[in-house]
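Here is a friendly briefing to read beside the model. Have the sequence and the 3D view open as you go.

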Amino acid sequence: MTDLLENLDTFFNPKKVVVCGVSPQLTNFGKTIVQNLLEFGFDGEIFSVGTKGGVIFGQRIYQSIEQIESRIDLAVILTPARTVPSLLEQCGRKGIKNVIIESGGFSEMGGEGISLQARCLAAAKEHGIRFIGPNCLGAINVESGLCVPFSRVNRDLLKGSVSILAQSGGVGLGYLRFLDEERIGVNKFVSLGNKVDINENELLEYLIHDRHTKIILMYLEAFTDGRRFVEIASKCDKPILIHKSNRFEASAQIAHSHTAALFANDELVDYALEQAGCVRVNAMSDAIDYIKILSLPPLRGTRLAVVTRSGGHAVNAADACAHFGFCLPPLPRDFLEKIETRLKANVIRLQNPLDLGDLFDLTFYESIVEETLRLDNVDGVLLGHGYRAGFEKGDSRNFIKKVGELVIKYQKPVAVVVFTEAVEIDYLKSNCNIPIFTGLENAARALKLSYSLASIKEKAPASEPLVEINPEKAENILKKAAGQDHLLLHESLRLIENFGFSLPPCSLARSSDQAVHAWQELNRPVVMKINSPHVSHKTDQGLVSLNLNSEKDITNTFEDFNEKAGSQDIEVLIQPMVGPGSEVIMGGRQDEVFGPVILFGLGGIFVEAIGDVVWRLAPLNRSEARAMIDQIRGRKILDGVRGQPPFKMNELEDLLIGLSQMLADYPIIREIDINPIRQVGDQPRLQALDARVVIECSL
C-alpha cells in the first residue's frame, strides 16, 4: 500500500480519536459525535475536548488537545470556523496527522470564510496534516465502528459492501437512509464538504484498493480534477456509480466557434464517465435500483425470460425488455406442456413472457423459475409476483426466499418485482436474501446496467493513427503564431494537414488580380473565403462565395468582401470547388475540468442546429474513436445514403486519433473546429475544407 493509502486508512481505522467542540449540553453536536462512536462500538479510545471542560458519558472533557497525554490518530473538529486554524496548530504540535473538519463557515460563505479556509490549509501544510472538509459531515466505517457525523446515525446500520463518497452531507445521509431501508449493507461513508485538502480522487483510489468495498457510490457537485478522476476510475474493476448534480450553468462564456457553441458541460460529463467505465445516475432511486442489481450475479447476455402472474404485467414487462434491448427467446415446448398440466382453467397460451395467472401452486411456481434458470438460452429472469398480505402471505414469502437461493445456485440474476402492500415489501426487504424491486421498468433498466457492466472490455491502449503525422512542422506553425489568439485560415489548414488531414489545393490573394490569377491556375470553379482569424461563421456574414468561374465573378466577390469586412486590406483564400458529399465535423478544446477533449459529429452548415455530436477525453485509442463514430444519431448517413459514397471508417478513426493527440500534445491550442470534412466520390481521401484554431497568446 502506498504512503497515501496508508495515510487515508488512518481516517477509517484509527485507534485513538479526539473530538473537539464537546460540551455536556443536550444540543451539543460534538456530544452527538461521541455518542455515535460509543453506540457503534468503536473499538478504540475516545477523547473529548471543549473549552469549558466537564464530563460526558462518564469521561473527562479536556480543555485543550495538548492536555491529552496519549498519541492521537484522528481529530474531529466541530467548533466555530474562526477557532479552527488555531486548533489545527494544536494538532500539529501534538503530532496529529489526520483531521476531519466538520465546521462550516468557510469558502462556502465567502468573505472572511475564504481567508479562514486558506489559513487552515496553510497550517495543515506546515505540520504535514491531511484533512477532510471543512463543512462536512464526517466519516463512517462500519467495519471498525468509526462513526463521527454530528447527526445521529442508526446504530443498527447493516454492514455490507457499498461505500459512499458524498460532497453533500445531507445527500450522503439520504443515501445511507435509503440503503438502510432497502437492507443493503454499507461499508464506508465520507462526506467531502469543501474538498480543500483530501478530495474525491484520493478517496476513490483508496476505496478501489479497499477489500471490503465492492460497490462505490459517489455524489458530486463538481470535480476537483476531472481528468485525474477518469484516469483512476478507468483502472477500477469495481462498479462506480456517480450522481453528478449541478448540471446546468445559468450563464456561460461561449466563444464564437462551432466547437464552443456545441459544447455542453453536462454532456461532456456523460461522455467522460462513460469513457471511464462509470455509471451515471441522476436520482437516488436509480442509484438504489442499480445497487440492488449489482448485488446479484452479472447478466452476461441479452436473453431474458419473463415470468409473471398477470397478463397485463407480462405485456408491460415485454415492453420494458424491448425498450432496453433485451430479447425474449422461445421456451422449450416440453417445458411449456409440463406447466399446462398444472393450470386450472387452461385459458392462457403459454410463451415468453410466461403468464402464470392460472397457476396457484407456489411450490410448483418455484420449480418453474428453477427450470427457467437451467435453460442455456436464458441469461436472466424478470420475475413479477403479486399477492395480498392476507392471502398467500406465507407461501409468497417462502417462494421469494427460495428464488434467492436459486440465484446463488445457478449464478444468473433474477430481478424480483413484487406487487403487494407496503408492510409486505418492508418484510421482504428485511428478511429475503434477494433485492426487491417495485416496478418492472426499474427492474429492466437495472438488468440493462448489469449487462452493460458485464460487457465492458478491458481499456485499450492509446493508438497511433495510420495517416502520416508531422508534429515538427505543426509546432513551427504554432511558434510562428506566438502572440496571436487565433491562427489565420490558411495557417489552421496547414496545421491540421500536418496531423493527417487531406486538403484541397489553395492559394492566397491580397488583390482581385491575384485572386483571378489563382483561379486561372486552378482552371476550374473556385471558392473564395476571407482569410481572417476572427471570423468563424463566414457563410453567415457573406464572406464565403461558391462556384466562381469567371474573371468578373472573382473581381466582384473580392470587392464585396472588402466592403463587408470594412477594409481595403483583406486577404482571401482560393480553393477549388469540391464535389457534393456527406459532411462531418471534428473539433476539440482544452476544458477546465477534463483537459483536452475532442468532438465528432455530423457537419456542415446545420451542425449547431442539429447538434448531433459526441465528446471524449483526448487522446483516444482506436476503440474509443470507433465508439464516437458509432454513437452519433445519424450514424447510418456515414454508410452512404441516396447515392452518396460511404465514409472510410478507418480513416475517420485515424483522423480522430491524430486530432486528439494534437490537442493532448499542444495545450496552446485552446479550441479547434474542422468543419466540414467531406467524403467526395472522386477523391481517395476525406477532404477537410475549413478549419479554425484558437490559441493562447504565448507558446
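Four strands form an open sheet in the order β20-β23-β21-β22, with antiparallel pairing. This is a predicted model, in which local features need pLDDT of at least 70, side-chain atom pairs count only at pLDDT 80 or more, and totals for chains, interfaces and linings use all residues. Residues are numbered from 1 along each chain as its sequence is written, and side-chain values use heavy atoms, with hydrogens and water left out.

**Inside the sheet**

- The edges are taken by β20 (507–509) and β22 (544–548); each has a single partner strand, so one side of each is left without a neighbour in the sheet.
- On average, neighbouring strands of this sheet are turned by 25° against each other, direction ignored.
- β20 and β23 (residues 572–576) run antiparallel and are joined by three bridges; strands count as paired if DSSP finds at least two bridges between them.
- S507 stands opposite I574 in β23.
- Helices (H or I, at least four residues) and strands (E, at least two) are DSSP runs, numbered from the N terminus.

**Helices on the sheet**

- Helix α18 (residues 489–497) packs on the sheet and touches β20, β21 (526–530) and β23; contact means heavy atoms within 4.5 Å.
- The direction of α18 makes about 50° with that of β23.
- Helix α20 (residues 551–565) lies across β20, β21, β22 and β23, and runs at about 15° to β21.
- Axes are lines fitted to C-alpha atoms, for helices over the stretch in contact, and angles run from 0 to 180 degrees between N-to-C directions.

**A helix pair**

- Helix α6 (residues 200–209) and helix α7 (residues 226–234) have axes that come within 10 Å and cross at roughly 5°.
- α6 and α7 are therefore roughly parallel to each other, a term used for angles under 35 degrees.
- From α6, N201, L204, E205 and I208 meet R228, F229, I232 and A233 of α7.
- By class, this contact has five nonpolar, one polar and two charged residues; Ala, Val, Leu, Ile, Met, Phe, Trp, Tyr, Cys and Pro count as nonpolar, Asp, Glu, Lys and Arg as charged, and the others, Gly among them, as polar.

**A covered helix and the whole chain**

- Helix α23 (residues 649–665) is mostly covered, with 13 of its 17 residues buried (under 20% relative accessible area, 1.4 Å probe, protein chains only).
- The protein chain has 23 helices and 29 strands.
- Of its 699 residues, 56% count as buried.
- The C-alpha trace of the protein chain spans about 95 × 80 × 40 Å along its principal axes.

Terms used
Angles under 35 degrees count as roughly parallel, over 145 as roughly antiparallel, 65 to 115 as roughly perpendicular and the rest as oblique. Buried means under 20% relative accessible area, exposed over 50%, partly exposed in between (1.4 Å probe, protein chains only).
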